[in-house]
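Subject: Structure handover

Hello,

Here is the structure for you to take over. Please open it next to this email.

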Amino acid sequence: MKHKIAIDDIESSDNKTVSYEFNDKIDGIESLGNIYSKLEIKSLGDFIQVVGNVKGILSLECDLCLKKFDYNMDFVIDEMFAKHALQDEYGKETELHDGQFITDLNGENEIDIYDILYQSVILNLPNRKVCGINCNGEKFFQKEEISDPRMDVFKNIQIQPKSK
Ligand SMILES: [Zn+2]
């Protein structure tokens, strides 16, 4: 499986831009069917810009009930890569503007689409993975909260009969 683009090919293309369609599974990411991405890879002199979208249905594990559920993934990629090693003062990953980083290619002569997609999918996973509003785990947690010993004090207040 090779999803790499030679930087020379980008340079020699019209407008120094190459379109790339990815329609494949990604190792280490559980998906229902393929992950689909349409990218534009453009040379901007010392930098390579990768822009496009990524779609697919992932099979994620619910954080609460541990059940597998389908997650409809759809996000935008907009990343910059430096062809040559960045100056030390920039560091390995330099933030260009909000959330956009420049990744150092360290003088490599090709760009690895497979790796870019893998990293992007991982970064775009939801922080809290919940299978749905009817998650049984959620109910379980609510019940547990009620029987929390710290709540007993409140129960006692309610139970106390009005004495007169
Ligand atoms: Zn769940």
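Below is what was found in it, from the overall fold down to single residues.

Please keep in mind that this is a predicted model.

**Overall make-up**

The chain has 164 residues, and 15% of them count as buried. Its secondary structure consists of four helices and eight strands. Read from the N terminus, the order of elements is β-α-β-β-β-β-β-β-β-α-α-α. Take the contacts with a separation of 6 or more: 54% of them join residues 24 or more positions apart.

**Helix α2**

Helix α2 spans residues 113-123. Its buried residues are Ile-113, Ile-116, Leu-117 and Val-121. Viewed down the axis of α2, these buried residues fall within an arc of 125 degrees, so they line one face of the helix. Ile-122 and Leu-123, on the other side of α2, are exposed.

What covers the buried residues of α2? The cover includes strands β1 (4-6), β2 (17-24), β3 (31-44), β4 (47-61), β5 (68-82) and β8 (110-112).

**The core**

The largest nonpolar core holds 17 residues. Ile-41, Val-50, Phe-81 and Leu-117 touch the most other members. Four elements, β3, β4, β5 and α2, each give two or more residues to this core. Helix α2 gives the most, with four residues. As general background, nonpolar side chains in soluble globular proteins tend to be buried together.

Val-50 first. Leaving aside neighbours within four places in sequence, Val-50 is in contact with Leu-39, Ile-41, Ile-77, Glu-79, Phe-81 and Ile-116. Ile-41 and Phe-81 in that list are also among the core residues that touch the most other members.

Now Leu-117, which is found in helix α2. Is Leu-117 buried or exposed? Leu-117 counts as buried because it has 23 C-beta neighbours inside 10 Å, and the cut-off for buried is 20 or more. Again setting aside neighbours within four places in sequence, Leu-117 is in contact with Phe-22, Ile-26, Ile-35, Ser-37 and Val-54. Ile-77 is 40 residues away from Leu-117 along the chain, yet their C-alpha atoms are separated by 8.7 Å.

**The β4-β5 hairpin**

Strands β4 and β5 run antiparallel and are joined by 15 bridges. Val-51 stands opposite Asp-78 in β5. The hairpin has six residues between the strands. Leu-66 lies in this loop between β4 and β5.

**Two backbone points to check**

Which phi value does Leu-66 take? Its phi is positive, about 65 degrees, although Leu-66 is not a glycine. Leu-66 is exposed, because 9 other C-beta atoms lie within 10 Å, and exposed means 12 or fewer.

Asn-15 also has a positive phi, near 55 degrees, and is a residue other than glycine. Asn-15 sits in the loop between α1 (7-11) and β2. Asn-15 is exposed too, with 8 other C-beta atoms within 10 Å.

**In brief**

Best wishes

How values were computed
Residues are numbered from 1 along each chain as its sequence is written. This is a predicted model: local features need pLDDT of at least 70, side-chain atom pairs count only at pLDDT 80 or more; totals for chains, interfaces and linings use all residues. The arc is that of the directions from the helix axis to the C-beta atoms. Two residues are in contact if their C-beta atoms, placed from the backbone, lie within 7 Å. Two strands pair if DSSP finds at least two bridges between them. A nonpolar core is a set of buried Ala, Val, Leu, Ile, Met, Phe, Trp, Tyr and Cys residues joined through C-beta atoms within 7 Å.
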